Amino acid sequence: MKVRLPKSNGLGMGNLEQLARKAQEAQKRMEELSEEIDQKEFSATSGGEAVKVTITGKLEVKSIDISKEVVDPEETEILADMIMAATNEAIKKASDEKNKVMQSVSDEMQIPGLM
């Protein structure tokens, strides 16, 4: 008795090798881009630029600049809110950039049947 293999659906060994190669290239590109983003700095301000927070692409706070005009011992809660708002906005900028870059690499792969 002979065993019949189903007809190829276009995903032969050559296509699997090509798919694996594309995946490796995409992974390498994503790692390179991730390292680039990690080196970038993202800044955001709040309170009419009274507070400026700068973070790295690794989402680590690098600096916080506070205008002397907003430093009031009686109003520390407002100052804390401005710092938090600026920090959250800087984190959002860094995350959005990373997501956008990673999505573009993913889109470049165009793997049939997976997306």
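Asp72, Glu74, Glu75, Glu77 and Asp81 come together on the surface as a patch of negative charge. Patch members have over 30% relative accessible area and no salt bridge, with like charges joined within 9 Å and nonpolar side chains (Val, Leu, Ile, Met, Phe, Trp, Tyr) within 5 Å. A salt bridge here is a side-chain nitrogen of Lys or Arg within 4 Å of a carboxyl oxygen of Asp or Glu. Lys and Arg count as positive and Asp and Glu as negative, while His and the chain ends are not counted; each charge is placed at NZ of Lys, CZ of Arg, CG of Asp or CD of Glu. The model is a predicted one, in which local features need pLDDT of at least 70 and side-chain atom pairs count only at pLDDT 80 or more, whereas totals for chains, interfaces and linings use all residues. Residues are numbered from 1 along each chain as its sequence is written, and side-chain values use heavy atoms, leaving out hydrogens and water.

Aspartate 72 lies in the loop between β3 and α2 (76–109) and is partly exposed, at a relative accessible area of 34%. Valine 71 is also placed in the loop between β3 and α2; with 52% relative accessibility it counts as exposed. Buried means under 20% relative accessible area, exposed over 50%, and partly exposed in between (1.4 Å probe, protein chains only).

Turning to the overall fold, the chain holds two helices and three strands, in the order α-β-β-β-α along the sequence. These are DSSP runs numbered from the N terminus (helices H or I, at least four residues; strands E, at least two). Of the chain's 115 residues, 23% count as buried.

Strand pairing requires at least two DSSP bridges. β1 and β2 are antiparallel and share six bridges, with glutamate 41 opposite threonine 56 of β2. Four residues separate the strands of this hairpin, and glycine 47 adopts a positive phi near 65°. β2 (residues 51–56) also runs antiparallel to β3 (residues 61–66), through five bridges, and isoleucine 55 has valine 61 of β3 as its bridge partner. The β2–β3 hairpin likewise has four residues between its strands, and leucine 59 in the turn shows a positive phi of about 65°.

In a regular strand, side chains alternate between the two faces of the sheet.

How values were computed. Accessible areas come from the Shrake-Rupley method with a 1.4 Å probe; for residues, only the protein chains shown count as cover.
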